[in-house]
Amino acid sequence: MPEESKGPESVSPLAEGAKAPAEAASPDKPQAAPPAPAAGVKLPAAAASPAPESKPTEAAKPTTPAAAAAAAKPAAPAAAAKPAAPAAAAPKPPAAPAKPAGPVPEPWESELVAKLKQQYGSGIVEALSYLGQKYMTVDSSILPEILRRMRDEEGFDYCVDITAVHYPKREQQFDVVYVLYSFAHNQRIRVKTRIKDGEHVESAFSIWRTADWLEREVFDMFGIVFDGHPGLKRILLPEDWHGHPLRKDYDILQQDKEWVHINLGIESGQ
Amino acid sequence: MSDATKLDYLDLDTKDKTFLDSTEMVLNMGPQHPSTHGVLRVILKLDGEKVLGTECVIGYLHRGVEKIGENRTYTMFNPYVDRMDYVAAVSNGLGYCETVEKLLNVEAPPRAQYIRVIMTELCRIASHQVWLGTHALDIGAVTPLFYAFRDREEILRIFEKYCGARLTTHAFRIGGCIYEAYDGFEEDVKKYCTFFLPKLDEYEKLLTTNRIWVTRTKGVGILKPEDCIALGVTGPVLRASGVKWDLRKAQPYECYKDMDFEIPTGINGDTYDRYLVRIAEMRQSVRILQQAVERIPTGPIMAKVPKVIKPPVGEVYHSIEAPKGELGYFIVSDGSTQPYRVRVRPPSFVNLQALDTMVRGMLVADVVAVIGTLDIVLGEVDR
């Protein structure tokens, strides 16, 4: 919801001064505009009738905003105009104009990112903002350092979630995602790292105790090993189960037939 | 005993001890124990009646909700989320719908937002009523269970009239609501508010100053605010420890920013404070309901959402304040009709992790009280 995006958004100007709303928004719009026709063409082919109906009307708009960016902003949320919108729309200009083209991740520029980039260089792979949500991808070698720094110096004292996403076609197959929240800044960010299959990640247990079960679940579902975890073992599946079900190569009907046979005494759980 | 030797968490001495020559013993509680609220198994390491450590064994109710999500379309997955926290199904649905809406970059129209808030707050009350009834029953007070379930029935009746279902409601759709409020919906909610406030006093009369209740809950399962934050504990448990944090205020969603309500907090972070906080939360929910019903606008209830939902490529994490804490959804879209990855951040799962910290040094009977006060639902823990 836009309210949520308002939260993080309103924080970054604090760090960046007046730069964010004025400068960051306008250079992005021309970038966002070119994909618009592309998306508009793609959609009718892929989706059936309803999608194009809404798209062209909205897609027509970005051509104007491209010229006069700031003026067209309020017009963008065409469909579901809301009474509370004027207030809500104002602080989130970057997200609104991007809408017709399909929102595009924008670079996340803030003091924090600049600092980290200066210190770690290419260790910070990318720092992006998508729909007002900030996330950065870091190299797995500096991940523990970054996470600890996030808690100790940047105030991200609450580790909301740790999870993973499997991209089997990539060389670095897994994204490990840390969702962090700062009570002091009321800001939520995500720190991601990419690892190869079989590569280990440093456990965040010594940073946030909540990582205990969250990492066990990631291990259970993806088979990602966290070094330094006090007791890394399966949490939701039986301990002697084979396979990690949330990997993409694990079919939804697949199961550990042997386990089912031995423990349940039936041929199949299906 | 043979099972116990396998546990690395408890750091058991695996030498040939028998039960009798050991002063410490390992006790298995659950998964069918009545006060574990479902199928939670807790392994307790005891010194006499004192708890030295615990380990939770969960997963008995694991249905692979996240895997199912990857194999269903966005619309098809919507009813599944109700089956996680089944005593607060409406909240689950709200969180999911909002996350997909965020991914689509649409917002529910104002009328839908109000209907959603009314339904969700009713659901919060219903969830707290189930908590109160079962928690009190665990501790030995039988009457609150009947009182709470009697009053919850009225909420379920409103749910049933609204969407035809009482428990797993599937009340909302991506983009808004599919059902218009039925004739007399507002009156029913108003009536419920006036009906429920005296009932809430009745619960309090039974428990708040009840000597047995106070002795069983005061000073039991203390959780310090810094422990809460380190353990990622959210919801009433966090607030009872004195941290004034509620997502409805911190990052308001739907129309909560228009609502005037307080965030009740506790001081000691014990079971008694958590009880008081939840009772106070029910009062605040009634306040929200009264305001929402008065202000509910007219207009459409569904935003313009394509029939085939294909969010653009991207990923979004969004969370709401469910009755049990922060309920988050992390959805990765690859531009197709099915989510590439759905991650549910369940409050019960994370909160349950605090059990060990809370019961160390306490008595076995307190374990029962603490499991109750954590207000877990195993459907959500195991997913």
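Which residue takes a positive phi in the hairpin of strand 2 and strand 3 of chain B? The residue is Gly48(B), with a phi near 65°. This hairpin has 2 residues between the strands. Strands (E, at least two residues) and helices (H or I, at least four) are DSSP runs, numbered from the N terminus.

The model is predicted: local features need pLDDT of at least 70, side-chain atom pairs count only at pLDDT 80 or more, and totals for chains, interfaces and linings use all residues. Residues are numbered from 1 along each chain as its sequence is written, and chains are lettered from A and ligands numbered from 1 in the order in which they are written.

Strand 2 (residues 41-47) and strand 3 (residues 50-57) of chain B run antiparallel and are joined by 7 bridges. Two strands pair if DSSP finds at least two bridges between them. Arg41(B) has Val57(B) as its bridge partner. Leu44(B) is partnered by Thr54(B).

In chain B, 3 strands form an open, antiparallel sheet in the order 1-2-3. Strand 1 (24-29) and strand 3 are its edge strands, each pairing on one side only. Helix 14 (residues 364-374) of chain B lies across strand 2 and strand 3. The helix runs at about 150° to strand 2. Such angles run from 0 to 180 degrees between N-to-C directions, with axes fitted to C-alpha atoms, for helices over the stretch in contact.

Chain A also touches chain B. The contact (C-beta atoms, placed from the backbone, within 7 Å) takes 45 residues from chain A and 48 residues from chain B. Strand 4 of chain A gives the most to its side, with 6 residues.

Notes. Contact = placed C-beta atoms within 7 Å.
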